[in-house]
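Trainee: I'm new to this one. Could you show it to me and walk me through the terms as we go?

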Amino acid sequence: MLSAGTAWASEDIADKYPQSELYDKPVQVLPGVYSAIGATAPPTYENSGHNNNLSFVVTGDGVVVINGGASVRLAAALHDEIKAVTDQPVKLVINENGQGHAMLGNAYWADLGVDILAHVDAIHEVEENGDFILQGMERYNRDKAEGTRVVTANLSFEDKHVVEMGDMVLEVLHLGPAHGPGDTQVWIPALSLVIAGDIAFHERMPPIFADTCTSCWIETFDGPFMELGATYVIPGHGHPTNMDLVVAGTSDYLRDLRDKIAAHIDAGGDLAGAYYVDQTRWRHMDTFEELATKNAGRVFEEMEWE
């Protein structure tokens, strides 16, 4: 799984684990660390909203889950896989941000009495927009959304939260503004592994939201994120990889797009023209068709008044 080469995860590939709500079965990435790699396509009924990575760490004295999942059914499916690996109970769930695929499964875990941890900004995002996020999931997931409700994390942190459990020490970090509010990274120094969340991409195109600060994202990525010195990276989407590939798929992409938009603005270009700046260098990335023009427009709106 941890290859220096790129393992493409085409959005055209059918569900890889049809007997489960999960898009694919969890794999062991490093000793004690597992991840169910989601589709690199947008969330659909067919992939049950499992289009991000749902990871868990078996510590010797309990299990830490990273991401609540996009529904209670998806969370339950992940729990079934955890129970097939270990008898240790799930003791903590970490939401990597306030997006639906990170937190809509929180209700399942909360009903089991499991603590849920999220950054304060991610909690605010859920409090402000949780009902809207839930409605979006209900539209594509239909009957698979049954039983899902919005539950916010009961534990919060701002910069760093250390989890010492069993044989593992996990540093839950917010390194700075990046992809979205409350972006969270889980750093396991003993394994030189970072479960990066949506600060890092390599197989699918990074989505840029209306409130994303791309210059801030680059600063956070090139600074404190790279300074971790991680050997292994489990990104928010796509297969486990190394730092070189997420640099190319994230920081290099954002810099290239900003350079193209800056040149367009300097030439007197407008928003309508910004959608068509040349991004063919990145056509190989999944969700290119869905995101490239949107990203360009949003970066134009960000940079127009910089």
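Mentor: Helices (H or I, at least four residues) and strands (E, at least two) are DSSP runs, numbered from the N terminus. This is a predicted model, where local features need pLDDT of at least 70, side-chain atom pairs count only at pLDDT 80 or more, and totals for chains, interfaces and linings use all residues. Residues are numbered from 1 along each chain as its sequence is written, and side-chain values use heavy atoms, with hydrogens and water left out.

Trainee: What makes strand β3 and strand β4 a pair?

Mentor: Residues 54–58 (β3) and 63–66 (β4) are joined over 4 bridges, in the antiparallel sense, and the definition asks for at least two. In β4, Val 64 is the bridge partner of Val 57.

Trainee: Which order do the strands of the open sheet follow?

Mentor: The 7 strands run β1-β2-β3-β4-β5-β6-β7, with mixed pairing. β1 (27–30) and β7 (155–157) each have a single partner strand, so they stand at the edges, with one side left without a neighbour in the sheet.

Trainee: Why are α5 and α6 called roughly antiparallel?

Mentor: Axes are lines fitted to C-alpha atoms, for helices over the stretch in contact, and angles run from 0 to 180 degrees between N-to-C directions. Under 35 degrees counts as roughly parallel, over 145 as roughly antiparallel, 65 to 115 as roughly perpendicular and the rest as oblique. The axes of α5 (residues 214–227) and α6 (residues 243–266) come within 10 Å and cross at roughly 155°, so the two helices are roughly antiparallel. Their contact (heavy atoms within 4.5 Å) includes Trp 217 and Phe 221 of α5 and Val 247 and Leu 254 of α6.

Trainee: What is the handedness of that crossing of α5 and α6?

Mentor: Left-handed. That term means the near helix is turned anticlockwise from the far one by less than a right angle, and clockwise would be right-handed. α6 passes α8 in a right-handed crossing.

Trainee: How do you know that Cys 213 and Cys 216 form a disulfide?

Mentor: A disulfide is a covalent bond between the sulfur atoms of two cysteines. The cut-off is a pair of cysteine sulfur atoms within 2.5 Å, and the sulfur atoms of Cys 213 and Cys 216 are 2.2 Å apart, so they qualify. The structure holds 1 disulfide. With 70° about the S-S bond, the link of Cys 213 and Cys 216 is right-handed.
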